[in-house]
Amino acid sequence: MIKAYRANCEAIDLSPDDGIEQIPTDIVWIDLVNPDRAEEKRVESLLGFDLPTREDLKDIEPSSRLYTEGGNVFMTASLVWKVDSEDPRLTDVAFILAGERLVTIRYAEPKSFNLFISAITRVPHDMRSRTALLLKLLETIVDRTAEILENSVVGIDNLAADILGSQSRNKRKAPRYLEDRLANIASYHRLISKVRDSLASLARMQTFLHTTVQIQKDKEARELGKLIVRDIQSLSEHASFISGNLTFLLDASLGIINVEQNAIIKIFSIASVVFLPPTLVASVYGMNFEIMPELKWAIGYPVALFIMVMSAIIPFLFFRWKGWL
């Protein structure tokens, strides 16, 4: 799908069979979403240069992701998407400054693009050039990343309260309760890792963009670019802090699991010690020797039972007195 946006924010479709041989002069942004080869050729014929393919976007070499060719600036950044699912992912998006237009190529639909498209009418008229739109789009992407981190912090705080809260400690937990919490920690860790990778990609892209002629000759663009860089840096530090909290929470969860397992082993150990003396008494009087004085006792059976009970009660009380139970 090819969406084109005029300077007045009007959206039009540029399908391969629309008959347009030249891009209207008031088009400032061309957005390719999951383009097929026919659509790529269509835009290439209109722009006059080759677009990076899906395979090109996956290249991790900086020289393949950030470069200038024929006066056009080609940049690729990794954005987080599927944040609300159990499998958050990174998707590579191309940003191209070509002539007087911004061209984006994406094979996913990150929420930040939809947010920007919905709010594009609120962009001031003097900020609807290709460079200004790119910076505003990057600003929206950074804001969306900040929102993802804020939502993650809330979820992690609730998770920590479930694991470490006093009410959780006093209640008997269902089987595999903490094991399920470990799965939640792993899910948040995977998301934060994706966010950190995305922020690193955006930081490299913004640093490269700041050195281009298109930015250097525009004072307002330079200032906005500096603000975006500072936001990315602060978000990166915040993501590192969240990652540290997740590591602590993981260690605490494993520690609690270990303590509970040790408590179970302790109960079995104490139980075996408590029942060892009665077993010894029963074993002695279970022997079938012919000469055993106690065999002739009328009260031998109740005395043996009494000794067995007391030999179990005395160690139990001793353990309670020592605080081992």
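By class, how many nonpolar, polar and charged residues does the lining of the second largest pocket have?

Good morning. The model before you is predicted; local features need pLDDT of at least 70 and side-chain atom pairs count only at pLDDT 80 or more, whereas totals for chains, interfaces and linings use all residues. Residues are numbered from 1 along each chain as its sequence is written, and side-chain values use heavy atoms, with hydrogens and water left out.

The protein has 11 helices and seven strands; helices (H or I, at least four residues) and strands (E, at least two) are DSSP runs, numbered from the N terminus. Of its 325 residues, 40% are buried, that is, under 20% relative accessible area with a 1.4 Å probe and protein chains only.

Let us turn to the pocket. A pocket is an open set of points on a 1 Å grid over the protein atoms alone, where a 1.4 Å probe fits, with protein on both sides within 12 Å along at least five of seven lines; lining residues have an atom within 4 Å of a point. The second largest pocket holds about 200 Å³ of space, the volume being the space filled by probe spheres set on the points, which are joined across faces, edges and corners. Its lining includes R54, W81, D92 and Y107. To answer my opening question, the lining has five nonpolar, one polar and four charged residues. Here Ala, Val, Leu, Ile, Met, Phe, Trp, Tyr, Cys and Pro count as nonpolar, Asp, Glu, Lys and Arg as charged, and the others, Gly among them, as polar.

Strand β6 leads us to its partner. Strands β5 and β6 run antiparallel, joined by nine bridges; two strands pair if DSSP finds at least two bridges between them. M75 has F95 in β6 as its bridge partner. Strand β5 (residues 72-81) also pairs with β4 (residues 66-69), again antiparallel, over four bridges, and Y67 stands opposite F74 in β5. Two residues separate β4 and β5 in a hairpin, where G70 in the turn has a positive phi of about 60 degrees. Nine of the 10 residues of β5 are buried.

Finally, consider R144 in helix α5 (residues 130-164). Is this arginine, R144, buried or exposed? R144 is buried, because its relative accessible area is 10%. Its contacts (heavy atoms within 4.5 Å) are V83, K111, S112 and L115, leaving aside residues up to four places away in sequence.

Key
Buried < 20%, exposed > 50% of the residue type's maximum accessible area, 1.4 Å probe, protein only.
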